[in-house]
Amino acid sequence: MDTNLLTLFKLSLIFVNMLMTRSLSDADGVDLSFTQQPRLLQCNQTVLLLEMERCGERFRSDMSHIHPDDRCNLTHFIREYHVFSSCTETNAERIGCFWPNPAVERFIISIHKHFFSNCSLEQVFIDPPDDTLTLLILVPVFLTLAMVVLVVWCSKRSDLLA
């Protein structure tokens, strides 16, 4: 009787498992044959440039509200720049062009030249003097060597104490 009960239990588990997996399956009644070719769009450069101009016009409009002195501080126009970038990307993909591509890059560079040409670093960083540079290099090297010597010395000393 034990073997019959165990067999019945195993069969009921298999049956419940079949019901659960069948109800979870999303492929019931769906044609899984992939006979359609994906629609490939050809990149139309003329339409792409027209759409980029629309994105640029909106960006120019948004940037007109930003004071020219604040145009070099990204925190003042990050939202406008994000909208511009998303616009160029979305339109390029909708038209069937890669993003970025050379045409879009040229357009974005022209926008940068127009709005951000005066945003150079006011302070040009130079290398420190040779004495300072030597000190900044040698201090960590000697500290590392000192730590290695200390670890070796402590490990030899613990051998003597044990």
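**Disulfides and helix packing in a predicted model**

C97 is buried, at a relative accessible area of 5%. The model is predicted. In it, C97 is joined to C43 by a disulfide, S to S 1.9 Å. C43 is partly exposed, with a relative accessible area of 31%. The torsion about the S-S bond of C43 and C97 is 95 degrees, a right-handed link. C43 sits in the loop between helix 1 (2-24) and helix 2, and C97 in the loop between helix 3 and helix 4, so the bond ties together parts 54 residues apart in sequence.

The count of disulfides comes to three. Another joins C55 to C87, again with S to S 1.9 Å. This link is left-handed, with -75 degrees about the S-S bond. C55 belongs to helix 2 and C87 to helix 3; the two are 32 residues apart. C55 is buried at 2% relative accessibility. C87, at 22%, counts as partly exposed, the cut-off for buried being under 20%.

C72 and C119 form a further disulfide, with sulfur atoms 2.0 Å apart. The torsion about their S-S bond is about -90 degrees, so this disulfide is left-handed. C72 lies in the loop between helix 2 and helix 3, and C119 in the loop between helix 4 and helix 5 (130-161), 47 residues apart. Both cysteines are partly exposed, C72 at 45% relative accessibility and C119 at 31%. With the bonded cysteines numbered in sequence order, the pairing reads 1-5, 2-4, 3-6.

Helix 2 spans residues 45-63. Its 19 residues reach 26 Å from first C-alpha to last, close to the 27 Å expected. The buried residues of helix 2 are L48, E51, M52, C55, G56, F59, D62 and M63. Seen down the helix axis, they fall within an arc of 145 degrees, so they line one face. These buried residues pack against helix 3 (74-95) and helix 4 (102-116). The face turned away from the buried side carries exposed T46, L50 and R54. At the start of helix 2, a side-chain oxygen of N44 comes to within 3.2 Å of the backbone nitrogen of T46.

An unreviewed entry places the feature "transmembrane region" at residues 133-154. In the model this span is 100% helix and 0% strand. Its end C-alpha atoms lie 32 Å apart. C154 is partly exposed, at 40% relative accessibility.

Terms used
Residues are numbered from 1 along each chain as its sequence is written. This is a predicted model: local features need pLDDT of at least 70, side-chain atom pairs count only at pLDDT 80 or more; totals for chains, interfaces and linings use all residues. Side-chain values use heavy atoms; hydrogens and water are left out. Helices (H or I, at least four residues) and strands (E, at least two) are DSSP runs, numbered from the N terminus. The expected span of a helix is 1.5 Å times one less than its number of residues. Buried means under 20% relative accessible area, exposed over 50%, partly exposed in between (1.4 Å probe, protein chains only). The arc is that of the directions from the helix axis to the C-beta atoms. Contact means heavy atoms within 4.5 Å. A polar contact is a pair of N or O atoms within 3.5 Å; within protein, one must be able to donate a hydrogen and the other to accept it, and residues adjacent in sequence count only if both atoms are side-chain atoms. UniProt positions are given in the numbering used here, feature names are shortened, and annotations may be inferred rather than shown by experiment. A disulfide is a pair of cysteine sulfur atoms within 2.5 Å.
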